[in-house]
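Visitor: I would like to go through this structure with you step by step, asking as we go.

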Amino acid sequence: MVAALNACIEASDLLFGLILHIEAIARRLLYVDIVHNTLLNMYLKCRSLRHAINLFDGLLERDLVTWNTMISGYSAFGFPESALHLFGRMLLENMQPDQATFLAILKVSLVTGSMTEGKLIHGVITEFGTETFLNVGSSLVDMYAEWGNLEDAYNIFFHLPERNIVTWTAMAAGCNQHGRGEETIQMFQQMQQEGIQPDRILFISVLQACSAVLGLNQGKVIHTNILDQGLELDNMVGSAIVEMYLKCGSFQFAQRIFAEMPRKSLVVWNIMIAGCAQHGVHSMVMDFFDDMLAENLSPDAATFVSLLSACSHTGNLEVGCWHFESMVTKYGIFPTLDHYMCMVDLLGRAGSMNDALDLLHTMPFTPCQVGWRSLLTHCRTWGEVSFARSCFDNLLLLDPDEPTCYALMSEVYANAGMWDKSLEIEEMRKAAALWKLPGEALIEVGEKVYSFTVGDKHESYYELSRKLKALGDRLRNIDHVPFAVERECSI
DNA sequence: TTAGGGTTAG
């Protein structure tokens, strides 16, 4: 019976599972713990919460596994209140929770989207003395790290009596997800010094961190480690390697690894298509898209974001509109806000400002900052001063504390020679005490990544200034006309 | 019953 139920789980065959349930009743097997627990698990894995609840409520006796399975099921189905309620019932019935109970309960805070619940659950876990268990501790690290509360995550991480690859990965991935890629790479190095062998899951996080900090050389070292462990043929590791090379600027390496991948998932095709768009090889976007279709893969929402973006950058309005329409008619994918934003950008970049505005107003989403800012950016290109002012006013209504729109509007006025208006906008920005964060450039030399922003004084300042001036002269020689007021750059 | 992982522009 148990083997047959596990086969149902494997095949997601709910109908066969229901027949086995009837058979279990007829043969009076439902009183056996392992039978009713496997049945419960089968219903949850076959995505039938209703059947699982009926079975659970009808049982005369429930052991710890029964409670844990049901709590875990409620969390997995996105019913955190029911999971917590069941946990309370379990305590009232004097059932002592174990590690598995807390692992299931910890998922609740991720489902509810609230750190407060997570902290309360952490308190309960501490009271039961299971905080320092390896799996519970790792889950706590993961929970805090996912919430971006890296300090609490570190605190638990360092106080655990032991840490394994899962604990390290939870901490390293958390740093990576919250913009601390350098720390992820440092953790990876430290972990190896402590004699822990990285695995495929950790490699994926560390490769993403290399992509984020543009650490091509570091990425190459990781790639070598992956080859040493023979993990390069793993589908998800391969995708992460391709992505790392693309984001770190090495298109040829990415192309080679991609070509060598034995099985290519839709995700890695999407990564490659987006990479072509990022690298400006727009003709290859369409080539890769056609190749993907030839492999009998159907595009998804992410594919179309890359396609529409590529059409926007090549100014290919007609092809972009065709893809936008074919999303629904040919592939049954309904455009999300992201797709509408790509279309607003596409229309605006092509100079069809009224069509872009119409789309912004008629789309089934409330116009957001992204759309208005995109339009405002293109008004700058096309010198649409009054149109720009309308976009600017809409942006102020949505968020008056966002500094970028002031800079754009001021620039539009300056380009039109309306200096008084330009200064007026600058005054508005100053009165609101808003300052745009300067852009940051990352350059890798050896295994170190250097960050540059306006106003920095690097040790090679004079040498770099001479180089910049020479580049500026070359740009002027090819008739490049910079926007608005040219400001002196200093590094 | 039982901890960690992938893509998308503006």
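Predicted model: local features only at pLDDT ≥ 70, side-chain atom pairs only at ≥ 80, totals over all residues.

Visitor: How far apart are the end C-alpha atoms of helix α8?

Guide: Helices here are DSSP runs (H or I, at least four residues), numbered from the N terminus, and the expected span is 1.5 Å times one less than the number of residues. Helix α8 holds 13 residues, 115-127, and should therefore span 18 Å, which agrees with the distance between its end C-alpha atoms, 19 Å.

Visitor: Which residues of α8 are exposed on the face turned away from its buried side?

Guide: Met115, Gly118, Ile121, His122 and Ile125 are buried in α8, where buried means under 20% relative accessible area and exposed over 50%, with partly exposed in between (1.4 Å probe, protein chains only). They cover an arc of only 115° around the axis, so they lie on the same side of α8, the arc being that of the directions from the helix axis to the C-beta atoms. An α-helix has 3.6 residues a turn, so residues three or four places apart point the same way. The face turned away from the buried side of α8 carries the exposed residues Thr116, Leu120 and Glu127.

Visitor: Which helices do the buried residues of α8 pack against?

Guide: Contact is taken as heavy atoms within 4.5 Å. By that criterion, the partners of the buried residues of α8 are α6 (80-92), α7 (99-112), α9 (134-146) and α10 (150-159).

Visitor: Which residues of α6 are buried?

Guide: The exposed residues Glu81, His85 and Leu92 sit on the face of α6 turned away from its buried side. What covers the buried residues of α6 includes α4 (49-58), α5 (64-76), α7 and α8. Those buried residues are Pro80, Ala83, Leu86, Phe87 and Met90.

Visitor: Which residue has a side-chain N or O atom 2.6 Å from a base oxygen of DNA strand B?

Guide: A residue counts as near the strand if one of its heavy atoms lies within 4 Å of it, and 44 residues surround DNA strand B, the closest being Asn68, Arg200, Ser239, His313 and Val370. Sugar and phosphate account for 48% of the atoms of DNA strand B that come within 4 Å of the protein. A phosphate oxygen of DNA strand B is 3.1 Å from a side-chain N or O atom of Gln278. For the base oxygen at 2.6 Å, the residue is Asn68.

Visitor: What is the relative accessibility of Thr303?

Guide: Thr303 belongs to helix α19 (residues 301-314). Leaving aside its neighbours within four places in sequence, Thr303 is in contact with Leu266, Asn270, Ile273, Phe289 and Met292. Thr303 counts as buried because its relative accessibility is 0%.

Visitor: Is Leu246 buried or exposed?

Guide: Leu246 is found in helix α15 (residues 235-247). Its contacts, leaving aside neighbours within four places in sequence, are Phe251, Ala254, Ile271, Met272, Gly275 and His279. With a relative accessible area of 3%, Leu246 is buried.

Technical notes
Residues numbered from 1 in each chain as written. Chains lettered and ligands numbered in written order. Heavy atoms only, no water. Helix = DSSP H or I, 4+ residues; strand = E, 2+ residues; numbered from the N terminus. Polar contact = N/O pair within 3.5 Å; in protein donor to acceptor, adjacent residues only side chain to side chain.
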